[in-house]
Amino acid sequence: MESSPTSSSIVVLGATGGSGLAFIREVSTLWSLSSSFSSSSTSSPSSSSSPSLLSLLPISLTLYVRSPNKLPSSIVSLPFVRVVQGELHDQHALEEAMKGANTVVSFLGVNPSIRNMIARDYSTPIGDCFPVIFRAMRATGVKRILALSTPSYSVPGDVYPWWLSIGIYAIMAIGPQPYAEMVKIAQSLQSSSSSSSSPSSTSSPTPSFSS
């Protein structure tokens with residue numbers, strides 16, 4: 001599915017995970033409702049001047065995934081979805097996915113596993129790829145990224161109740177790699193936000209956080 005640079009188009013990272021799939025299904029539901037509304041509006045002269053709900057939704061979703069076979073066929077077949085296969089460290093493939101887009105939404109993260117808990121694995125292969133994602137965004141003119149975050153990374157002004165602080169330490173103990181990944185992703189976004197406020201870096205992507 002193709003979209004022009006002026007249309008509303010979102011690139012989804014982490015589309016095969018639980019949060020990514022839930023997001024796509026929510027868009028699908030709204031799309032169906034919007035299509036029904038548009039059809040009824042077309043048949044009603046009194047509402048011909050009303051804006052279509054479809055205009056409030058993304059014209060297309062581009063799902064950038066490493067393993068397309070993990071996507072349900074019900075999602076792949078949606079009329080507003082296209083799938084691009086690639087790795088997070090592949091800037092060229094990322095740029096292909098981002099052509100015509102104006103927003104990137106990231107649901108990237110790691111699930112805890114017994115193996116990395118025992119090995120105390122603090123590696124951050126996903127977080128390490130965010131500079132590549134930012135370069136691809138700059139190359140294609142995409143200036144907005146909305147990324148999933150967690151309380152594991154705090155910013156000035158955050159105040160955590162005691163039970164949440166205990167929960168964060170528990171995550172560090174049980175899932176060292178997921179904890180490290182979410183912190184690294186947030187640090188990368190925070191760094192990009194800081195550089196985007198610099199007069200010499202006006203083309204840097206502007207991040208938004210969602211916990």
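Guide: A helix here is a DSSP run of H or I with at least four residues, and such runs are numbered from the N terminus. The model under discussion is predicted.

Visitor: Which residues of helix α5 are buried?

Guide: They are F130, V132, I133, F134, A136 and M137.

Visitor: Why does S106 count as buried?

Guide: Buried requires under 20% relative accessible area. S106 has 3% relative accessibility, and therefore counts as buried.

Visitor: Where does S106 lie, and which residues does S106 touch?

Guide: S106 belongs to strand β4, residues 103–106. Leaving aside residues up to four places away in sequence, S106 touches L13, F130, L146, A147 and L148. One of these, F130, is among the buried residues of α5.

Visitor: What makes β1 and β4 a pair of strands?

Guide: At least two bridges are needed for pairing. Strand β1 (residues 9–13) and β4 have four bridges, so they pair, and the sense is parallel. Within β4, V105 is the residue opposite V12.

Visitor: How many bridges link β4 and β5, and in which sense do they pair?

Guide: β4 and strand β5 (residues 144–148) share three bridges and pair in the parallel sense. I145 in β5 stands opposite V104.

Visitor: Why is strand β2 called mostly covered?

Guide: In β2 (residues 60–65), six of six residues are buried, which means that each has under 20% relative accessible area. S60, T62 and Y64 make up one side, while L61, L63 and V65 make up the other.

Visitor: Which strands does β2 run parallel to?

Guide: β2 is joined to β1 by five bridges, and T62 is the bridge partner of V11. Another five bridges join β2 to strand β3 (residues 81–85), also parallel, with Q85 in β3 opposite V65.

Visitor: What makes I114, M117, I118 and I174 a nonpolar patch?

Guide: Patch residues must have over 30% relative accessible area and no salt bridge, and nonpolar side chains are joined within 5 Å. I114, M117, I118 and I174 form such a patch, so each of them meets these conditions. Together they have about 410 Å² of accessible area. Helix α4 (residues 114–119) gives the most, with three residues, and I174 lies in helix α6, residues 162–174.

Visitor: How many helices and strands has the chain, and what pattern does it follow?

Guide: There are seven helices and six strands, in the sequence pattern β-α-β-α-β-α-β-α-α-β-α-α-β.

Visitor: What share of the 211 residues counts as buried?

Guide: The share is 40%. The accessible surface of the chain comes to about 11,300 Å², with 58% belonging to carbon and sulfur atoms.

Key. Residues are numbered from 1 along each chain as its sequence is written. This is a predicted model: local features need pLDDT of at least 70, side-chain atom pairs count only at pLDDT 80 or more; totals for chains, interfaces and linings use all residues. Side-chain values use heavy atoms; hydrogens and water are left out. Patches are made of residues with over 30% relative accessible area and no salt bridge: like charges are joined within 9 Å, nonpolar side chains (Val, Leu, Ile, Met, Phe, Trp, Tyr) within 5 Å. Accessible areas come from the Shrake-Rupley method with a 1.4 Å probe; for residues, only the protein chains shown count as cover. A salt bridge is a side-chain nitrogen of Lys or Arg within 4 Å of a carboxyl oxygen of Asp or Glu. Helices (H or I, at least four residues) and strands (E, at least two) are DSSP runs, numbered from the N terminus. Buried means under 20% relative accessible area, exposed over 50%, partly exposed in between (1.4 Å probe, protein chains only). Contact means heavy atoms within 4.5 Å.
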